[in-house]
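Have the sequence and the 3D view open as you read.

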Amino acid sequence: MPGPTISGHASGGDFDKILVVDFGAQYAQLIARRVREASVLSEIVPRDITAAEVKQHNPVGLILSGGPASVYAEDAYDLDAAILELGIPVLGICYGHQAMAHALNGVVASNDIAEYGRAQLEVGTESVLFKDLPDDQVVWMSHKDAVTEPPRGFVVTASTGDSPVAAMENQERGLFGVQFHPEVGHTEFGQDIVKRFLHDVVGARPNWTHVGIIEQSVTAVRESVGDAKVICGLSGGVDSAVAAAIVHKAVGDQLVCVFVDHGLMRHGEGEQVEDTFRRAFHMNLIHVDAEDRFLAALEGVTDPERKRKIIGETFIRVFEEAAADLQDARFLVQGTLYPDIIESGTKDAAKIKSHHNVGGLPDDMQFDLIEPLRDLFKDEVRAIGAELGLPEEIVWRQPFPGPGLAVRIIGDVTKERLDTLRAADVIVLEEVRRAGLYRELWQTFGVLPAIRTVGVQGDGRTYAFPLIVRAVASDDAMTADWARLPYEVLERISTRVINEVPGINRVAYDISSKPPATIEWE
C-alpha cells in the first residue's frame, strides 16, 4: 500500500480553521472559497459529522451550508445538536439556518410562497453580522421552508416579506443564522457578512495568505522529509509545477524532478518543461522518453477507467525505475488539489472519476506521498505559483488531466490519433487566444471520438474523424458552464481544423454544463 500522505500545510500548519458542514448544497464549495477569500482556512466536512469528530478537527468556527431538503422530510439531513453545545461559533446558512433553529426547538414552517432569487432584506436591530451595513439591502434567497419563530434566547435581526426570521443570533452562545445566501455574488453585502462572522464573531486570524501558505508548506515538507531524496513528476501543468517549486524551496537539491514524456501531452509542452525547470530554476531534472511504453500498455484499451488505471500504474513504475539509482528516494510529490480529493470519492462525495494523481495509484506503490496542494483550489495554486516566480505561461496554463490526451480520445489510443488531436488542439487554443478569451475560460480543448463521419472535400467524399470542441467557464471545476464562444471564433476554428488537419472533416461544439456532464469526456 502507498505510504502516508503529507499535505504540506493545513493539517499541521498554524492556521485557524473553519469547518463548512455540507448539507448537500450546490454552494458548499463556494462558501469554502469565500472563507478563504477572507484569508481564513476552510475545510468541507460531511453532513453527518458528530460533535466528537468536530472537536478532532479543532476548528475555531463552523458554517452550516444550505441544502435541498426540508427539516421535516423523512430523509432530512439532521444536525448533531451537540455541535451547538461545543462553545464554537456557528453560522447557519439557508438549510443550515433552519437545521439550527429546528435542533434548538425553534419553529420551521413551509411558506405558502417559495422565495427564490433576489429579495429585499430589512435589518431590524443591532447585529454583529450587519454592523455598519445598510438597514435595507438585496440578498439572494433559495428556499421554501422558513424559520417562523427563533429558538429561545435568539434575537431576530432581519426579515424579508416572506421570511419573518431572515436572520437571527444568540451572541452569548455564538450562534447565528441567515435564511439567505451571503456566499453568492447576488447578495449585495454577502462577503462583508461572511467577514463579520469570521473576524468579529470567531476572531479567526487572517493568515491564510499566499506567503503564509508557502511558509507553512515549506516548513512542513522540510520537517517531514529530513535528509531523504524526493522525486516529483512534472507534467507541464501548473499543479505539478507549483508543487515542485514549493518542495524545491524546502529541500533544494534533495528534489529530483522526473519528466515522464508519455506521448500524451499537448504540442510543445515537453520543451517548455525543460526550459523552465532545468534552465530557469536550475532543478535536477531527469527526462524519460516513455511514449512507446505507454502506447503499448494502452493498445486496444477503450474503457476510460482502465485507461486511467493503466496510465497511473505505468507512470508510477517509470518513477520507481528512475528512482532506483537515487539513494534514500522515499517520497513522491503529487500536484493533487482539493477538488481532486472531493471528486475522487470522499465520505460525503460520490466518486465521479478516479484521478491519475488520486485514484489511479497502484496499491503496492513504494513511495510516501507529498501533496502540498491538496488543500487548495486552483485559483490559490495559481496565485502561489506567481508568488514563487513561475512564468506566466505555466501559472495560467489551463488545467490538463493527468492521463493527458488519452482521455480526450474516445476509443483506442494510437500515435496517429494523438498526432491528429494535437494538431487540432493547437488551432483551438490559438484561436481562443487570438480572441482574447484564454484567461477567461477554465478549459478549452478538442476531443477526438474514434468514429468516422462522411464529408465532402474538393470533388470527392471523405470518411474521417469529427473533432468536438469543448470550452467551459468555472471557478474551481466543481461546477462549470459551457462557454458562449462567439460564432466567428467557432467558424475560424472549424475552417482551420478542417483545412489544416488531415483526417478531420467535421467540427462540433459541446454545449453541456457540469453537472450533468463532466468537463472531460472520459
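Let's start with Asn105, which is exposed, with a relative accessible area of 70%; exposed means over 50%, buried under 20% and partly exposed in between, using a 1.4 Å probe and protein chains only. Please keep in mind that this is a predicted model, in which local features need pLDDT of at least 70 and side-chain atom pairs count only at pLDDT 80 or more, while totals for chains, interfaces and linings use all residues. Residues are numbered from 1 along each chain as its sequence is written, and side-chain values use heavy atoms, with hydrogens and water left out.

**Backbone details**

- Asn105 sits in the loop between helix H3 (95-103) and strand E6; helices (H or I, at least four residues) and strands (E, at least two) are DSSP runs, numbered from the N terminus.
- The phi of Asn105 is positive, near 70 degrees, in a residue other than glycine.
- His282 also has a positive phi as a residue other than glycine, near 55 degrees.
- You can find His282 in the loop between H7 and strand E13 (284-289), where His282 is exposed, with a relative accessible area of 59%.
- The peptide bond from Lys514 to Pro515 is cis, with omega near -10 degrees, and a cis peptide bond with omega of about 10 degrees joins Pro515 and Pro516.
- Pro515 belongs to the segment after E21, and Pro516 lies in the segment after E21 as well.

**Two helices**

- Helix H14 (residues 487-500) has 14 residues and spans 20 Å from its first C-alpha to its last, close to the 20 Å expected at 1.5 Å a residue; the expected span is 1.5 Å times one less than the number of residues.
- Val489, Leu490, Ile493 and Val497 are the buried residues to look for in H14.
- Viewed down the axis of H14, its buried residues fall within an arc of 95 degrees, so they line one face of the helix; the arc is that of the directions from the helix axis to the C-beta atoms.
- Tyr487, Glu491 and Asn499 are exposed on the face of H14 turned away from its buried side.
- As background, an α-helix has 3.6 residues a turn, so residues three or four places apart point the same way.
- H13 has 20 residues and reaches 29 Å between its first and last C-alpha, close to the 28 Å expected at 1.5 Å a residue.
- The buried residues of H13 include charged ones by name, among them Arg417, Arg422, Asp425 and Glu431; here Asp, Glu, Lys and Arg count as charged, Ala, Val, Leu, Ile, Met, Phe, Trp, Tyr, Cys and Pro as nonpolar, and the others, Gly among them, as polar.

**Pocket and cavity**

- On a 1 Å grid over the protein atoms alone, a cavity is a set of points where a 1.4 Å probe fits but cannot get out, a pocket is an open set with protein on both sides within 12 Å along at least five of seven lines, and lining residues have an atom within 4 Å of a point.
- The second largest pocket has a volume of about 380 Å³, volume being the space filled by probe spheres set on the grid points, which are joined across faces, edges and corners.
- Of the 18 residues that line this pocket, His267, Arg397, Leu429, Arg433 and Tyr438 are the closest to its centre.
- H13 gives the most to the pocket lining, with 6 residues, and the lining has 4 nonpolar, 4 polar and 10 charged residues.

**Aromatic pairs**

- The whole structure has 8 aromatic pairs, where rings of Phe, Tyr and Trp (its six-membered ring) pair if their centres lie within 6.5 Å, and planes under 30 degrees apart count as stacked, over 60 as edge-to-face and the rest as tilted.
- Phe130 and Phe180 form a tilted pair, 6.4 Å centre to centre with 40 degrees between the planes, and both Phe130 and Phe180 are buried.
- Trp482 and Tyr509 pair edge-to-face, at 6.3 Å centre to centre and 75 degrees between the planes.
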